Number of protein chains: 2
Amino acid sequence: MFPWKSIIAVNTNLNRALYLQISDSFIKEISAGRIQRSQKIPGSRKMAELLGLNRKTVIQAYEELSAQGWIQSISSSGTYISSDLPVSRYTSIETTELPSGKLPSPESNPFEYIPASIPNGKKLIIVDGGSPDHRLAPMDWVYRESRSIINSSYGKQLLTYSGVHGDDKLRDTLAQYLSETRGMNLNITNLLITRGSQMGIFLAAQALTNQGDKVVVGSSSYDAADWAFEYAGCQLKRVPVDQGGLNTSALAELCSRESIKMVYITPHHHFPTTVTLSNIRRIELMELSMKHDFIVVEDDYDYDFHYKSAPILPLASLDHGGRIIYVGSFSKVFAPNVRVGYVAASNWQIDRMARIRRIIDRQGDQIMERVMAEAIINGELSRHLKKSIRIYKQRRDHLVELLNKDLANHVEFDIPEGGMAVWLRFKNCQLTDLRDYFTSTGLSLDIDKYLARQFNAFRFGFTSLEEEEQNKVVDLMTKAIELSAS
Amino acid sequence: MFPWKSIIAVNTNLNRALYLQISDSFIKEISAGRIQRSQKIPGSRKMAELLGLNRKTVIQAYEELSAQGWIQSISSSGTYISSDLPVSRYTSIETTELPSGKLPSPESNPFEYIPASIPNGKKLIIVDGGSPDHRLAPMDWVYRESRSIINSSYGKQLLTYSGVHGDDKLRDTLAQYLSETRGMNLNITNLLITRGSQMGIFLAAQALTNQGDKVVVGSSSYDAADWAFEYAGCQLKRVPVDQGGLNTSALAELCSRESIKMVYITPHHHFPTTVTLSNIRRIELMELSMKHDFIVVEDDYDYDFHYKSAPILPLASLDHGGRIIYVGSFSKVFAPNVRVGYVAASNWQIDRMARIRRIIDRQGDQIMERVMAEAIINGELSRHLKKSIRIYKQRRDHLVELLNKDLANHVEFDIPEGGMAVWLRFKNCQLTDLRDYFTSTGLSLDIDKYLARQFNAFRFGFTSLEEEEQNKVVDLMTKAIELSAS
């Protein structure tokens, strides 16, 4: 007797109807060759008995299998597995020892230079490398607004397929906003809404460079931008970064020797060292871009967070003749999970990027995009910015005081004029050696191993930590350092 | 007298503080070379008079400019534009006639094969090529749920940066769900959450093919998948599609001649012709994939919508030894704007795709992902599916009846077993000629020019149209056809 009971598996706790579970089992077994074609199968009454199920369930399953062509009834003879299924040659997939039986997993992953981000452990106190404090963001307002949009008459339309450039109202509002707050001269056709700065950088790399092109980044620079350029097949050229930002004399020297296609900068504030690109350097960079015909990707993710004076206007506010691709994001303003950003560029550049975006993810979340437009229009954005800049400045000042008080013997740093992190350099101990001690005290610091080796430094994000939390972190850091010295 | 008043532009209606508007103007003019370095500028009292502003505002502006290094005060002499700004060579950007003055926009866009989707005109009645009816979807529940998640203690964490693979709870729930509903044997490590099917296809193309690889698609096939493979540098090989789906004999013949890297299919239901890939073809396809070592991308976006019998289990439910990349989406279930999808594949394939995803958009919307998990867990998803399948079947039947009644002389079609569209072939008139007539009656049909030329057919999406709306559309189509004949 064929072991029907052990092969036909049903489970009443599952979401799927019992009769479908029966037909699923049949199909799997037939496909795997464990039930042969032309094999006779028990009648529905018999099968119901065998499986301990209601006969109606079995009849439904047989009807399903019959409708799908897996079984056939031959009158006055019985029910059979169909004879014309080419299943015989298929028996070996699971047990085969042929090399073709299982697709071998390759020994190396060509994309290993990009880390697969895994969430942090849950029990650790996390110090990020500079993230907004989502607890300050009006997230409840964001979702209330979302709901009221989808329940409005105009909002329903935003639930359907639409243009790849993003919500028109956001583009329109943003063009006006960027003009007012950053002196940029642009209109709706110069804007592509993205999923955050990262997608802007990715699209610029894909759309505007070719295999082998040379792209200048700082030494060091934002790692995820490095990866995007490498992924596009570009060759990275590193130029030193000092207190004034990217060293434009070094860049000029490089440009005189090599043909540069693109320069990537984070002018407010350089990643990782948090310096601001100076006015003089900005102008020199523009001149070089004109002279050597390269494009500047201006990743201005930190523009809004400047505590000393007003931020310097972006390069994109100058008459740049299509040389600046300006990248911005709402993720840094509200919360990392608010995946709405934008690219401002010339029409032909936007056109290229938009077409590529079409095949990456079709379109953005138009509801969230519309909420961002509303945030600009009704002042929610500027209220939130005002509040968070005030609080972030306090947090920066608190951290600076704390570091001076408790860790002055071990670390040195410059007070950042803006942004979300202090670039903390260690003086008389190796950060790489300290790492395990930090973890043992319950701390998870954002220590990048390359930066730690190159600079013996890491980015201490202060904006996402309340003063009490900072106290605790610095206390634990002090303990860890003592522990390592003993 | 220097024309300060015409050059320093302030506007009290703008969001930006007046003193910053003044400093912005200065910076722009200096950068553009219209204000020279070392030029003396009027004192704050004089300037305030000139501009008709409060003196305090001007003082603030000067302080800002001074802090940024643009101007300097020389005691008992006055205030001057800084002398060490290298602005002189920068004068010509706007007016230059040198070829380097403005980055020329290239004559051709290498990505023109991908259309930049533009939204439809608003006054037309839109018939899509097969989209869910967002009016049926529990969108209010989705946003209520989002709000309650972000206001929960665990939900706050979802607002921060996290892993690229997507929300763990969704991956966990989905693994269970796919196992129960589709017989797939997988766990959380086999799943990568994406922004919808399109990103799944894009990532598969990017991660698992190389420049020049041959990829098989149907003739015709889903256009946005074609573009993704072309973009990855693959060579498309077209295999005929008939009533049983992709013709596997033709594929076998092709494989005997050429080395095939990947085969893309939409088994439920073939795009554009809506046929289902038959059981026999499925098994033959698996055999060929084993024999010739190619990967199958199974884009099963339409799985849930089958009206005749239960859908055939996916190829991915078989023991495929890593040969099937399974792509699914919630966009088709709820609404196009719900940009959450997934890819199920072997660990090493998921690892490659996840790393690439890291540099595209960093991560998905974890709140929406968590809502999808909740929809599975609390039954909202299956309730919605049950309801929409019932309604969609009625709409299909209504359309079939309507077409038979009103357009039988002009069109022919097969009743689709599932999916969201009828593949409507025209008999005695040219669809391309009819196009303008349709538009003139107020209709916007999803007529793809390539498909129209190749098949004289288009996809009439029935799921997003209520019966009354269908009546109106078919009525207008009839009028347009009469108009064209007269």
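Trainee: What makes H12(B) largely enclosed by the rest of the structure?

Mentor: 11 of its 12 residues are buried, so the rest of the structure largely encloses it. A residue is buried if 20 or more other C-beta atoms, placed from the backbone, lie within 10 Å of its own. Keep in mind that this is a predicted model, where local features need pLDDT of at least 70, side-chain atom pairs count only at pLDDT 80 or more, and totals for chains, interfaces and linings use all residues. Residues are numbered from 1 along each chain as its sequence is written, while chains are lettered from A and ligands numbered from 1 in the order in which they are written.

Trainee: Which elements do the buried residues of H12(B) pack against?

Mentor: In chain B, they pack against helices H5, H6 and H13, plus strand S5. Helices (H or I, at least four residues) and strands (E, at least two) are DSSP runs, numbered from the N terminus. A contact needs C-beta atoms, placed from the backbone, within 7 Å.

Trainee: How do you know that the span of H12(B) agrees with its 12 residues?

Mentor: The expected span is 1.5 Å times one less than the number of residues. That gives 16 Å for residues 366-377, and the end C-alpha atoms are 16 Å apart, so the two agree.

Trainee: What makes both faces of S5(B) covered?

Mentor: Leu191(B) and Ile193(B) on one side are buried, and so are Leu192(B) and Thr194(B) on the other.

Trainee: Why are S5(B) and S12(B) called paired?

Mentor: Pairing takes at least two DSSP bridges; S5(B) and S12(B) have four and run antiparallel, so they pair. In one of them, Leu192(B) partners Val343(B).

Note on methods:
Two residues are in contact if their C-beta atoms, placed from the backbone, lie within 7 Å.
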